Amino acid sequence: MGVPESFSYIHLPCGQTTVISGPEFESVANPLSGIETTLCVHCEMQDDVAQFRWEGAEETIAEYYDRLLAEIPEQELERAGRPGMFKYMSLGGVAGLALGVLFAIALSRLGPIAAIVGGLIATLLMTTLGVLLGFMHFEKKVVVPVVKEYWNVDDVRLLVGR
């Protein structure tokens, strides 16, 4: 069975179906993502995931999350959920900030303007890069192994309809 590229969910209050694909589908399909709301494209309402169900399923998306998250020990949930993600992103940001400051110090040889302007630019870029690399590391080294170990899939989109 291949990984689905899209899937539909039904907004219970209006009864209409929304097709979701790409990164949005991957995020909503992943109970570890911490998604709390999603959008109905028909009534244009951003609503709680308890107000949506996957097409062909009886449970709401919130119940789907609860069912799958119940299979993971609390310690692993803490590590692979939002708290873990923020930890990795923060560490990456701090490392980037430190590199930016070091770059500013190195630029001080060229004068105070170069140090301030170059340092600010370097600090912003390095901090942003650090946050991004922290997130990528978190996804690859924390989330993917947890998904594989507890749900036995390589891609969270395979969980939908299961």
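## Sheet, helix and core in a predicted model

N152 is found in the segment after α5. The model is predicted. In it, N152 has a positive phi of about 55 degrees, although this residue is not a glycine. N152 is exposed, with a relative accessible area of 59%.

E44 also has a positive phi, about 60 degrees, and is not a glycine. Its place is the loop between β3 and β4 (46–48). E44 is exposed, at a relative accessible area of 67%.

**The sheet**

Three strands make an open sheet in the order β2-β1-β5, with antiparallel pairing. Its edges are β2 (17–21) and β5, each of which pairs on one side only. From one strand to the next, the twist averages 35 degrees.

Take the β1–β2 pair. Strand β1 covers residues 6–11 and is joined to β2 by 5 bridges; the two run antiparallel. S8 has V19 of β2 as its bridge partner. Y9 stands opposite T18, again in β2. The two strands form a hairpin with 5 residues between them. G15 sits in that turn, with a positive phi of about 75 degrees.

On to the β1–β5 pair. Here 3 bridges hold the antiparallel pairing. I10 of this pairing stands opposite R53 in β5.

**Helix α1 against the sheet**

α1 packs on the sheet and touches β1, β2 and β5. The direction of α1 makes about 105 degrees with that of β2. Which residues of α1 are buried? They include F25, V28 and A29. Seen down the helix axis, the buried residues of α1 fall within an arc of 100 degrees, so they line one face of the helix.

**The core**

The largest nonpolar core has 31 residues. Those with the most contacts inside this core are L32, W54, I61, Y64, V147, W151 and L159. Several elements give two or more residues to the core: α1 (22–29), β5 (52–54), α2 (61–69), α3 (74–80) and α5 (112–151). α5 gives the most, with 6 residues. In soluble globular proteins, nonpolar side chains tend to be buried together.

What does W54 touch, beyond residues up to four places away in sequence? The list runs F7, S8, Y9, I20, F25, V28, A29, E59, I61, Y64 and V160. Among these, F25, V28 and A29 are the buried residues of α1 named above. I61 and Y64 are, like W54, among the residues with the most contacts inside the core.

T18 lies in strand β2. Is T18 buried or exposed? T18 counts as buried, because its relative accessibility is 3%, where buried means under 20%. Its side chain reaches the backbone nitrogen of V41 at 3.2 Å. Leaving aside neighbours within four places in sequence, T18 is in contact with F7, S8, Y9, L39, C40, V41 and H42.

N30 has its place in the loop between α1 and β3 (37–39). N30 is buried too, at a relative accessible area of 9%. A polar atom of the N30 side chain lies 2.8 Å from the backbone nitrogen of L32. L32 is also one of the residues with the most contacts inside the core. With neighbours within four places in sequence set aside, N30 is in contact with Y65, V143, W151 and V156. W151 is another of the residues with the most contacts inside the core.

**Accessibility of the residues discussed**

| Residue | Relative accessible area | Class |
|---|---|---|
| T18 | 3% | buried |
| N30 | 9% | buried |
| N152 | 59% | exposed |
| E44 | 67% | exposed |

Methods. Residues are numbered from 1 along each chain as its sequence is written. This is a predicted model: local features need pLDDT of at least 70, side-chain atom pairs count only at pLDDT 80 or more; totals for chains, interfaces and linings use all residues. Side-chain values use heavy atoms; hydrogens and water are left out. A nonpolar core is a set of buried Ala, Val, Leu, Ile, Met, Phe, Trp, Tyr and Cys residues joined through side-chain atoms within 4.5 Å. Buried means under 20% relative accessible area, exposed over 50%, partly exposed in between (1.4 Å probe, protein chains only). Helices (H or I, at least four residues) and strands (E, at least two) are DSSP runs, numbered from the N terminus. Contact means heavy atoms within 4.5 Å. A polar contact is a pair of N or O atoms within 3.5 Å; within protein, one must be able to donate a hydrogen and the other to accept it, and residues adjacent in sequence count only if both atoms are side-chain atoms. Two strands pair if DSSP finds at least two bridges between them. Axes are lines fitted to C-alpha atoms, for helices over the stretch in contact, and angles run from 0 to 180 degrees between N-to-C directions. The arc is that of the directions from the helix axis to the C-beta atoms.
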